[in-house]
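Colleague: I would like a close look at one part of this model. Please keep it brisk and take me through the packing.

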Amino acid sequence: MSPITAILIDDEKSGRENLSGLLHAHCPQINLAGEAASVASAIPLIERTNPQLIFLDIEMPGANGFQLLEHFQDFTFEVIFVTAYDNYAIKAIRFSAADYILKPINLNELTQAVHKVSERIHQKRSAEQINQLRYNSQHPQNPRIGLPTADRIEFIEVKTIIRCQGESNYTHLFFENRKPLLVAKTLVEFEELLKEHHFIRAHKTHLVNLNHVQSYLKNDGGRLLMSNGDIVQISRRRKETVTQELMRRF
């Protein structure tokens with residue numbers, strides 16, 4: 001496998017040194033072409049070296065990693081975000097199915113992320129996750145979510161998701177005007193990602209988009225009629241929360 005040209009962008013020197021050492025020792029396919037300590041110094045470095053991969057810290061003085069990406073119209077590089085845990089930033093990255101590792105760096109997570117990105121680079125697949133991350137930052141009221149399937153990542157507008165149904169470590173997603181998808185993520189993961197977009201847990205196996213609820217059926221302990229005709233049972237434990245939310249909204 002041919003080498004991958006990469007650069008590191010992190011305002012902390014110790015962070016750059018640690019990551020550089022790990023890459024040299026455990027990721028021989030990575031050829032480091034440079035480092036930058038700020039967004040201002042990173043932009044000319046990217047333009048000069050034309051890297052295939054950027055290891056990018058998010059929180060830096062002056063401007064953050066997301067603002068760096070805004071500078072580029074077309075992405076000719078992949079990105080692995082390297083960041084201390086930040087709920088908002090990590091949720092934005094996960095929403096776009098982009099790659100990230102947390103500080104302090106776990107070696108297994110680093111090698112897995114590098115392997116996954118390396119495959120995309122060598123298969124000449126576009127950095128669509130980064131384009132979607134930028135799109136979502138520009139359209140916060142109508143974001144697209146990255147849904148990994150067996151052979152690709154589908155990017156779908158959240159508002160078109162009618163409901164999610166959990167099945168062990170997988171989730172079935174049902175949409176407007178398209179076939180359902182089976183995604184290798186738990187319902188708990190989708191609940192965390194979608195709770196700020198009008199989704200509510202109606203049952204241990206059901207997450208519904210309140211904007212697609214057509215009516216509340218009082219029989220059989222309480223059920224929801226969805227916009228596609230599906231009927232979702234409300235669990236006894238969640239009935240009060242669901243009905244209160246429906247009354248508040250409708």
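Which residues of the largest nonpolar core touch the most other members?

Modeller: First, the ground rules. This is a predicted model, so local features need pLDDT of at least 70 and side-chain atom pairs count only at pLDDT 80 or more, while totals for chains, interfaces and linings use all residues. Residues are numbered from 1 along each chain as its sequence is written, and side-chain values use heavy atoms, with hydrogens and water left out.

Now the core. Ile 9, Leu 56, Leu 68, Leu 69 and Phe 81 touch the most other members, out of 28 residues in the largest nonpolar core. A nonpolar core here is a set of buried Ala, Val, Leu, Ile, Met, Phe, Trp, Tyr and Cys residues joined through side-chain atoms within 4.5 Å. Buried means under 20% relative accessible area, exposed over 50%, and partly exposed in between (1.4 Å probe, protein chains only).

Several elements each supply at least two residues of this core: strands S1 (4–9), S3 (53–57) and S4 (78–83), and helices H2 (39–49), H3 (65–70), H4 (87–95) and H6 (128–138). Helices (H or I, at least four residues) and strands (E, at least two) are DSSP runs, numbered from the N terminus. The largest share of the core comes from H2, with 5 residues.

Take Leu 69. Leaving aside neighbours within four places in sequence, Leu 69 is in contact with Leu 56, Phe 75, Phe 77, Val 79, Phe 81, Ile 130, Leu 133 and Arg 134. Contact means heavy atoms within 4.5 Å. Another core lies apart from the largest one. That core has 19 residues, among them Leu 22, Cys 27, Ile 30 and Leu 53.

For context, turn to a sheet. Five strands form an open, antiparallel sheet in the order S10-S9-S8-S12-S11. Strands pair if DSSP finds at least two bridges between them. S10 (181–183) and S11 (199–203) stand at the edges with a single partner strand each, so one side of each is left without a neighbour in the sheet. Neighbouring strands are turned by 25° against each other on average, direction ignored. S9 (residues 170–175) pairs with S10 in the antiparallel sense over 3 bridges. There, Leu 173 stands opposite Leu 181 in S10.

Helix H7 (residues 187–194) packs on this sheet, touching S8 (161–167), S9, S10, S11 and S12 (206–209). The direction of H7 makes about 25° with that of S12. Axes are lines fitted to C-alpha atoms, for helices over the stretch in contact, and angles run from 0 to 180 degrees between N-to-C directions.
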